[in-house]
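Here's a quick tour for anyone meeting this structure for the first time. Have a look at the sequence and the fold, then read on.

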Amino acid sequence: ESTPNPSLPDDLLLSCFARASRLYYPTLSLVSKSFASLVSSPELYKTRSSSGRTESCLYVFLDCRSNTWRDGPSMLVERDYPHANVIDGKIYVAGDSNSTSPDWMEVFHPKTQTWELLPSLPAAEMRLLYDSISTSAGIDGKVHVFGSCNGLVYDTREGRWESADMEMSSEWVWFSYCVVENVIYVYNNEEFKWYDSAVRLWKVLKGLKGLPKFPRYTARLADFGGKLAVLWGRGVASSGYVDKIIWCAVIALERRSDQEIWGKVEWKEAVLKVPKSCSIDYALAATV
């Protein structure tokens, strides 16, 4: 007469799961309800962190809905087209309050789960941004925000607003960009560029080989653990261009001098097939 195998303790299973790549978690979750519960539990992340088994994963947001959102504390001011940046573990959100209010930015403190309004913009500086913020980025402790034609910078350490470097906005306001180790990168005119704040010039990322040319409006950039991740879409001719393929590449970055940054394509591959109506909205890398 056979007897069923006893269940393994949860702590032993967590230890085993932590040693496996997250790529296998969807398969593990199909084994049983208890496996699915452990795979999605915060205890697994704690086990991975304590054992040094975390991985850098790239998340791509397409035009679709997620069913895993959790409500957080509401912002103090309702904003049109807000832009968020994370600096020193805090979330800075800038955007028009759709009123005459000068409160263009507030900060969220994750530890206390509270929002705080930041110093208001003087009336003269409010007019610089016109009616909305086009884009923003957090660089070296400062939040750079640009409107229709002008921009401002909020220094999070000094707690004050200052004028923006308009040469910086000449390339990145309208195109895909990301910040890697306090350097902003863009893809524009079939070139990758970075901004040298010391001399206030955009410079070409040197040494790149092995990447195809693709339209700038299809590209999305992300900081991938100190490397540059690039995603873009390309139509599938065999489907009559009804479908498109999402491609991804990872570029290692090397600063060879104060004036040069070189890139090397470490990896490039087609990662997803989607209908042509889908577009890449945003790319985000996280350690999990």
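Two strands are said to pair if DSSP finds at least two bridges between them. Keep in mind that this is a predicted model. With that in hand, let's start with one strand and its partners.

**Strand S11 and its neighbours**
- S10 and S11 pair in the antiparallel sense, with four bridges, and Tyr185 in S11 is the bridge partner of Cys178.
- The hairpin made by S10 and S11 has two residues between the strands, and Glu181 there takes a positive phi near 50°.
- S11 also pairs with S12, again in the antiparallel sense over four bridges; here Tyr187 has Phe192 in S12 as its bridge partner.
- S11 and S12 make a hairpin too, with two residues between them, and Asn189 in the turn has a positive phi of about 55°.
- How many of S11's residues are buried? Six of its six are.
- Both faces of S11 are covered, with Val183, Tyr185 and Tyr187 on one side and Ile184, Val186 and Asn188 on the other.

**The nonpolar cores**
- The largest nonpolar core has 17 residues, and Tyr185, Phe192, Phe214, Leu221, Leu228 and Val230 have the most contacts inside it.
- Strands S10 (177-180), S11 (183-188), S12 (191-196), S15 (227-235) and S16 (243-257) each supply at least two residues of this core.
- A second, separate core of 14 residues includes Tyr92, Leu121, Ile133 and Val143.
- Back at Val230, if you skip neighbours within four places in sequence, its contacts include Phe192, Phe214, Leu221 and Trp247.

**Aromatic rings**
- The count of aromatic pairs comes to eight.
- Phe108 and Trp115 are a tilted pair, because their planes sit at 45°, with ring centres 4.9 Å apart; both residues are buried.
- Tyr187 and Phe214 are stacked, at 4.5 Å centre to centre and 25° between the planes.
- Tyr187 is in S11 while Phe214 is in the loop between S13 (201-204) and S14 (220-224), so this pair ties together parts 27 residues apart in sequence.
- Arg256 puts its charged end over the ring of Trp262, 4.0 Å from the ring's centre.

**A loop glycine**
- Gly52 lies in the loop between helix H4 (42-50) and strand S1 (56-61).
- Is Gly52 buried or exposed? Gly52 is exposed, with a relative accessible area of 60%.
- Gly52 and Arg19 are 33 residues apart in sequence and 9.5 Å apart in space, C-alpha to C-alpha.

Key. Residues are numbered from 1 along each chain as its sequence is written. This is a predicted model: local features need pLDDT of at least 70, side-chain atom pairs count only at pLDDT 80 or more; totals for chains, interfaces and linings use all residues. Side-chain values use heavy atoms; hydrogens and water are left out. A nonpolar core is a set of buried Ala, Val, Leu, Ile, Met, Phe, Trp, Tyr and Cys residues joined through side-chain atoms within 4.5 Å. Buried means under 20% relative accessible area, exposed over 50%, partly exposed in between (1.4 Å probe, protein chains only). Contact means heavy atoms within 4.5 Å. Rings of Phe, Tyr and Trp (its six-membered ring) pair if their centres lie within 6.5 Å; planes under 30 degrees apart count as stacked, over 60 as edge-to-face and the rest as tilted. A charge sits over a ring if NZ of Lys or CZ of Arg is within 6 Å of the ring centre and within 35 degrees of the ring normal.
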